[in-house]
Amino acid sequence: MPSPRIPRPSLRLLMAASLLTALVTPLAGCADRVRAIPLAGDEVLARAPVELCGSLALPDQWLEGIPLNGLSDLAREADTGLLYLLSDRGRLHRVRPLFDNGQLSSLTPIDSQRLRDARGQPLAGADADAESLTLLHADNATPGDTELWVSFERDHRLQRFAPDGTPLAAPIRPPQTSTASRNQGMEAMTRHPTHGLILGLEAAPAGVPDKQTRLFSLDGKEWHYPLAAASGSALTELTTDGDELLALERAFAPPAPLVISLRRVRLGEPPRLDVETLASFSSADGWWLDNMEGMTRLEDGRVLILSDDNARALQRSLLVCLRPR
């Protein structure tokens, strides 16, 4: 969904982190404006429930003024190592992540494209509200054969695109989204080795109990996903970890703290599944996180998570590297 607009009282810690970032003078050049920042104080980091491997604040523009905001998801292309960053403004950015002694240290921008409709026109307004991204390859897995599956909300649909933003097929409108709220659609998507594409609705659709939402496959399987206990929890992304899934949740319900949860999901016979919370990060405990919406898993087991700044000065686009313990 479009990022929740976090009011000032709920952003005291985030504002402090933003002020710290602003005090660092930007260097010249696009890549140099990507800055390493702390996510918490030393005492909080020492008790972290995961191993942290770098955190970056991204600029609001790059590549000669192209907006870099509203980032809702990311995916890694295995044969090139590039990351695709998806914006809910209908933009697609390719970047190369840079690691220094295992720590995420910067990003190099490659290019930026607009997602387009069948007439070749850039998507705009409600039509551009892209929320989740999965990369698929042809069976021969030759370099350059990447296809991008993108889910949208407001106009709930799923569509395939080429890396340059050209649509490859007509949109699919899964029936499982028919009762979803306009801004609480297919926020999460990944490819499972057994079930193929699995999609998750952000929050409970009509007819589903509160604190529970729906995962489903395109062949009609459905699972009942229990959301985390934190007030306002919503499912924002899925990624595959072997036969299991990792789920990312954001809890936003002022005046309650902002809470980000990383959870492991084991699919059973539909509609059953098991969910285990691996880590929770709460602003009440001193974490300086934001609206984390995107996630992808690296081949060595590390995970990258991405925040959507909603193009607002008091929020940030963060890219965080972590390894579940």
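**View A. Ala-36 of S1 and its bridge partner in S2.** Ala-36 has Leu-56 in S2 as its bridge partner. S1 and S2 (residues 50-57) run antiparallel and are joined by two bridges. Strands here are DSSP runs of E with at least two residues, numbered from the N terminus, and two strands pair if DSSP finds at least two bridges between them. The model is predicted: local features need pLDDT of at least 70, side-chain atom pairs count only at pLDDT 80 or more, and totals for chains, interfaces and linings use all residues. Residues are numbered from 1 along each chain as its sequence is written, and side-chain values use heavy atoms, without hydrogens and water.

**View B. The open sheet containing S1 and S2.** Its five strands follow the order S1-S2-S22-S21-S20, with antiparallel pairing. S1 (35-36) and S20 (292-297) are the edge strands, each pairing on one side only.

**View C. The largest pocket.** A pocket is an open set of points on a 1 Å grid over the protein atoms alone, with protein on both sides within 12 Å along at least five of seven lines; lining residues have an atom within 4 Å of a point. The volume, the space filled by probe spheres set on the points, is about 580 Å³. Of the 28 lining residues, Arg-76, Leu-135, Thr-239, Thr-296 and Arg-297 are the closest to the pocket centre. S5 (71-76), S9 (130-136), S12 (186-192), S16 (233-241) and S20 each supply at least two lining residues; S16 gives the most, with five.

Definitions and conventions: Helices (H or I, at least four residues) and strands (E, at least two) are DSSP runs, numbered from the N terminus. On a 1 Å grid over the protein atoms alone, a cavity is a set of points where a 1.4 Å probe fits but cannot get out, and a pocket is an open set with protein on both sides within 12 Å along at least five of seven lines; lining residues have an atom within 4 Å of a point.
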